Amino acid sequence: MAAAIVNEHLPTPLDATSEQPPLFDGITRLYVSYTCPFAQRVWILRNYKGLHDKIKLVPIDLQNRPAWYKEKVYHENKVPSLENNGKVIGESLDLIKYVESNFEGPSLQPNDSAKKEFAEELLTYSDTFNKIVFTSFKGDTVKEAGPAFDHLENALHKFNDGPFFLGHELSLVDIAYIPFVEKFQAFLSGVWNYDITAGRPKLTKWIEEVNKIDAYKPTKTDPKVIVELFSARFLAKH
C-alpha cells in the first residue's frame, strides 16, 4: 500500500532573484518545476513512497530560472535533478529507478519475470510515445497521435488482472506515463476536441484509477494551465 496522505505545503518556485539553497549539506533535494511532466514522475514516486521528510522539493521557475542552478547544481539546466549523497543526478527515467532502489517505501517493481521484461519494454517506449505525441502537435495531430494511444491501449490488455500496465499493482511504468497522458489529454481535448479515451476502454479505466492515487493528486496541473502552456510552446506562430 502507498504511504499515508500528507497535506504538503508546496514551496514557492525559485527564480533568478532567489538565493541558492545550500549544496551537499546532507539534505536530499528534488529540483522540479510544478508543470514539468518529467519532474512530475519523480515527484509522484517520492509521494507514493512517503518520502516527504527524506526528499525536499525545490521548485524552479523555468521561465525565469536562477543562474546558479546551471552553474552550481545541475549543468544540464533541466528538471528534474536530485541532490543526494554528495552528487546531483538527472534524467527522469533514471531517477525513478534510482529512488526506487535507494529509498524505503512500498516497492513499485514487479517480482514476476514476464512483468519485469514488459516493464522495461514500456519504460523504453515511453520516450517514443512522448516524441510521437509532441511531434503530432506540429502536423495532423489527431491522425498522428492516435497510434501512440492505441499502443497504450494494447499494452493495458497484456495483464488482465488490471487496471495498471503490469496488472493490479501500480508500478514505475504507470508513474512514467501518468504525467504525459494527463497533459496530452488536456491539450488534445482543449485544442482539438480529441478525446484520447474514446474507443479505448482500458485507457479510460487506467486514467480513472490513477486519478484516485493520493500521491498523484497534488502533482496535477490545472488543465487550463496545460492548454495555455502547450499552446504558447507548440502552436505559437513563428
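At 38% relative accessibility, Glu-91 counts as partly exposed, a class that lies between buried (under 20% relative accessible area) and exposed (over 50%), computed with a 1.4 Å probe on protein chains only. The model is predicted, so local features need pLDDT of at least 70 and side-chain atom pairs count only at pLDDT 80 or more, while totals for chains, interfaces and linings use all residues. Residues are numbered from 1 along each chain as its sequence is written, and side-chain values use heavy atoms, with hydrogens and water left out.

Glu-91 sits in the loop between β4 (87-90) and α3 (92-102); here helices (H or I, at least four residues) and strands (E, at least two) are DSSP runs, numbered from the N terminus. Its phi is near 70°, a positive value in a residue other than glycine. Most residues other than glycine have a negative phi, and most peptide bonds are trans. A positive phi of about 60° is also found at Asn-77, again not a glycine. Asn-77 belongs to the loop between α2 and β3 and is buried, with a relative accessible area of 18%.

The loop between α2 (67-73) and β3 (81-84) also holds Pro-80, and the peptide bond that leads from Val-79 to Pro-80 is cis, with omega near 5°. A cis bond likewise joins Gly-162 to Pro-163, with omega near 15°. Pro-163 is placed in the loop between α5 (141-155) and α6.

In helix α3, the buried residues are Ser-92, Leu-93, Leu-95, Ile-96, Tyr-98, Val-99 and Glu-100. These buried residues pack against α1 (37-48), β2 (55-59), β3, β4, α4 (113-136) and α6, where contact means heavy atoms within 4.5 Å.

Just after α6, Asn-193 takes a positive phi of about 55°.

Packing of α6 with helix α8 (residues 223-235) is at an angle of about 75°, with the axes 9 Å apart. Axes are lines fitted to C-alpha atoms, for helices over the stretch in contact, and angles run from 0 to 180 degrees between N-to-C directions. The two helices, α6 and α8, are therefore roughly perpendicular to each other, as angles of 65 to 115 degrees count as such, with those under 35 roughly parallel, those over 145 roughly antiparallel and the rest oblique. On the α6 side, the contact includes Glu-182, Phe-184, Phe-187 and Trp-192, while α8 contributes residues including Pro-223, Ile-226, Phe-230 and Ser-231.

Ser-231, in helix α8, is partly exposed, with a relative accessible area of 21%. Leaving aside neighbours within four places in sequence, Ser-231 is in contact with Phe-187, Val-191, Ile-226 and Ala-236. Ser-231 and Phe-187 are 44 residues apart in sequence and 8.1 Å apart in space, C-alpha to C-alpha.
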